[in-house]
Amino acid sequence: MREKLIDDLLKYPGLSEKGELIGVLVDDCIYELKDLLNYEETDELPEALSGAVKELVLMKFHRMGAEGLSSVSRSGVSENYSDELPEKLRRRIYRYRKMRR
């Protein structure tokens, strides 16, 4: 799953030269999802979650450099950031949540 995700993400505009960074972000997102879903480190995520991992990687990538900020205003242009998962993405992810052991 990891290699396919990296290959797919490197096809996005602006990401083709960021292979190492994308690899780190994919690993981080997979780890965070496993933790959120109560999976063991050795468990594989379902293939159906590959789209959610991509979305999380893109969110992290676009948020880089603005960590800790809730909003920024430059030359009359405001940007608002949220640390929460979008509801639609959260529902897709939580469908695969396991009960705590």
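## Charges over rings and crossing helices

Visitor: What lies over the face of Tyr 39?

Guide: That's Lys 98, at 4.4 Å from the ring centre. A charge sits over a ring if NZ of Lys or CZ of Arg is within 6 Å of the ring centre and within 35 degrees of the ring normal. One caution: this is a predicted model, where local features need pLDDT of at least 70, side-chain atom pairs count only at pLDDT 80 or more, and totals for chains, interfaces and linings use all residues. Residues are numbered from 1 along each chain as its sequence is written, and side-chain values use heavy atoms, with hydrogens and water left out.

Visitor: Which ring does the charged end of Arg 97 sit over?

Guide: The ring of Tyr 94, at 4.9 Å from its centre.

Visitor: Why is helix 1 called oblique to helix 2?

Guide: Helix 1 (residues 2-9) and helix 2 (residues 19-36) pack at about 130°, their axes 10 Å apart. Oblique is what remains once angles under 35 degrees (roughly parallel), over 145 (roughly antiparallel) and 65 to 115 (roughly perpendicular) are taken out. So helix 1 is oblique to helix 2. The axes are lines fitted to C-alpha atoms, for helices over the stretch in contact, and angles run from 0 to 180 degrees between N-to-C directions.

Visitor: Which residues meet there, in helix 1 and helix 2?

Guide: Arg 2, Leu 5, Ile 6 and Leu 9 in helix 1 touch Ile 22, Gly 23, Val 26, Asp 27 and Ile 30 in helix 2; contact means heavy atoms within 4.5 Å. By class, the residues of that contact are six nonpolar, one polar and two charged. Nonpolar covers Ala, Val, Leu, Ile, Met, Phe, Trp, Tyr, Cys and Pro, charged covers Asp, Glu, Lys and Arg, and the others, Gly among them, are polar.

Visitor: What makes helix 1 oblique to helix 3?

Guide: Their angle is about 50°, with axes 11 Å apart. That angle falls among the rest, so helix 1 is oblique to helix 3.

Visitor: And why is helix 3 oblique to helix 4?

Guide: The axes of helix 3 (residues 50-63) and helix 4 (residues 87-94) come within 10 Å and cross at roughly 140°. Since over 145 would be roughly antiparallel, helix 3 counts as oblique to helix 4.

Visitor: Is the crossing of helix 3 and helix 4 left-handed or right-handed?

Guide: Left-handed: the near helix is turned anticlockwise from the far one by less than a right angle, whereas clockwise would be right-handed.

Key: Helices (H or I, at least four residues) and strands (E, at least two) are DSSP runs, numbered from the N terminus.
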